[in-house]
Amino acid sequence: MPPVTPALEPLRKIAAYAVATDPHGRVLLVRASTRSGTPGVWSLPGGAVDHGEDPNHTVVRETAAETGLSVAVSGLRDVLADMRSLPHRGVTIHTDRLIYEVSIRGGNIFDRVGQPTDLARWHTMEEAEKLRLRPFTAAALGLSAASADLRPEEAPDFPSFYAYPGPDGLHRSQRFAAYAIATDPHERLLLTRIAPGYPGAGRWHLPGGGTDYGEQPGIALMRELIEETGQEGRLIELLGVASHRDAASLGPEGYPIDWHGVRAFYRVIVDAPTEVIVKDVGGSTSEACWMPLAEVAALTDDLLTEVTAEALRGAKLI
């Protein structure tokens with residue numbers, strides 16, 4: 001494939017998908033119709049996360065719309081990122097995809113006419129392996145199906161997020177980010193403090209941040225860890241995803257932004273902690289430190305960002 005050229009506008013979106021299996025071990029897949037960009041190609045049911053929408057709600061809503069089945073989210077399976085070049089539309093799309101395990105609550109599968117997907121069917125893994133699958137679907141299911149997408153060779157240089165005018169005239173931004181609950185052998189937690197001029201200024205936060213265009217979440221997190229703290233770590237596991245909306249966030253831009261952040265949290269181990277150094281001087285991090293877990297547990301809510309407190313409670317560290 002030819003590399004991406006400046007003529008292709010770089011775009012980003014966040015999407016959520018369902019992995020549903022039946023008592024026979026078959027997986028639920030939907031087929032792209034002639035109205036889509038990949039007619040005849042199969043994928044997991046799901047779709048784009050609307051601005052301000054919790055991805056858990058997205059996967060339930062989209063699965064019902066595409067299959068006729070009501071589902072309940074039972075867990076987060078994986079977070080993937082990929083890029084797809086659409087020369088005929090003049091764009092290259094980076095998509096952060098949240099893959100959820102779901103259970104079927106009821107409903108009946110139906111076929112759709114005149115929609116981007118037209119069929120929903122149960123397939124054994126052996127059958128799915130022989131289908132034309134979207135690459136993210138094959139990756140999520142551990143299959144080696146041939147790619148049905150165009151993949152750019154290089155990612156354009158593009159910021160991790162940007163604001164654009166919404167229907168109400170207020171600028172809005174949707175951003176995907178990755179954060180680390182990073183500990184060392186001395187039972188200390190790595191924390192960063194938000195710099196003045198940024199939302200949450202002065203509060204302790206987890207190291208991490210927005211993923212760059214064309215970047216995988218895990219790779220982005222390891223990069224952010226070095227830039228913000230100078231530490232090198234091992235990514236252990238994906239802990240979960242949180243969604244937060246601030247309808248009028250004030251930051252260095254100087255004007256209100258309807259901000260929607262979707263954040264993935266990972267468990268990270270730093271085996272050989274070193275002196276903490278904030279290398280990204282002038283950014284959103286003013287300082288960073290190793291803090292004993294006992295001290296972290298004693299911090300009041302006004303000293304921690306909301307998302308940090310939620311993540312640490314989920315990890316049972318406070």
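Student: Does Ala242 count as buried or exposed?
Tutor: The model is a predicted one, in which local features need pLDDT of at least 70 and side-chain atom pairs count only at pLDDT 80 or more, while totals for chains, interfaces and linings use all residues. Residues are numbered from 1 along each chain as its sequence is written, and side-chain values use heavy atoms, with hydrogens and water left out. Relative accessible area under 20% means buried, over 50% exposed, and in between partly exposed (1.4 Å probe, protein chains only). Since the relative accessibility of Ala242 is 7%, this residue counts as buried.

Student: Which residues does Ala242 touch, apart from those up to four places away in sequence?
Tutor: Ala242 belongs to strand β13, residues 234-249, where helices (H or I, at least four residues) and strands (E, at least two) are DSSP runs numbered from the N terminus. A contact means heavy atoms within 4.5 Å. With residues up to four places away set aside, Ala242 touches Gly261, Val262, Arg263, Phe265 and Glu310.

Student: How many helices and strands does the protein chain have, and how much of the chain is buried?
Tutor: The secondary structure of the protein chain comprises six helices and 15 strands. Of its 318 residues, the share that counts as buried is 47%.

Student: Why does the radius of gyration of the protein chain agree with that of a compact globule, and what is its value?
Tutor: The radius is taken over C-alpha atoms, and the globule rule is 2.2 Å times the number of residues to the power 0.38. For 318 residues a compact globule would come out near 20 Å, and the protein chain agrees because its radius of gyration is 21 Å.

Student: What fraction of the contacts with a separation of 6 or more joins residues 24 or more positions apart?
Tutor: Along its principal axes, the C-alpha trace of the protein chain spans about 55 × 45 × 40 Å. Among contacts in the chain with a separation of 6 or more, residues 24 or more positions apart account for 71%.

Student: Which residue forms a polar contact with the side chain of Asp184 through its own side chain?
Tutor: Asp184 lies in the loop between β9 and β10, and with 7% relative accessibility it counts as buried. A polar contact is a pair of N or O atoms within 3.5 Å; within protein, one must be able to donate a hydrogen and the other to accept it, and residues adjacent in sequence count only if both atoms are side-chain atoms. The side chain of Asp184 reaches the backbone nitrogen of His186 at 3.0 Å. Between side chains, a polar contact of 2.7 Å joins Asp184 to Arg188.

Student: What is the phi of Glu187, and is the residue buried or exposed?
Tutor: Most residues other than glycine have a negative phi. Glu187, which is found in the loop between β9 (171-183) and β10 (188-194), has a positive phi near 60 degrees. Its relative accessibility is 59%, so Glu187 counts as exposed.

Student: Which residues of α6 are buried?
Tutor: Helix α6 covers residues 306-314 and is followed by Lys316, whose phi is positive, near 60 degrees. Lys316 is exposed, with a relative accessible area of 72%. Within the helix, by contrast, there are buried residues, and what covers them includes β9, β10, β11 (204-205), β14 (257-269) and α5 (293-298). These buried residues of α6 are Val307, Thr308, Ala309, Ala311 and Leu312.

Student: At what distance does the polar contact join the side chains of Glu224 and Arg223?
Tutor: Glu224 has its place in helix α4, residues 217-229, and counts as buried because its relative accessibility is 10%. Leaving out residues up to four places away, Glu224 touches Gly208, Gly209, Gly210 and Thr229. The polar contact between the side chains of Glu224 and Arg223 has a distance of 3.3 Å.

Student: Which residues are in contact with Met125, leaving aside neighbours within four places in sequence?
Tutor: Met125 is found in helix α2, residues 125-129, and its relative accessible area of 28% makes it partly exposed. The C-alpha atoms of Met125 and Gly202, 77 residues apart along the chain, are separated by 50 Å. In contact with Met125, neighbours within four places aside, are Val27, Leu141 and Leu143.
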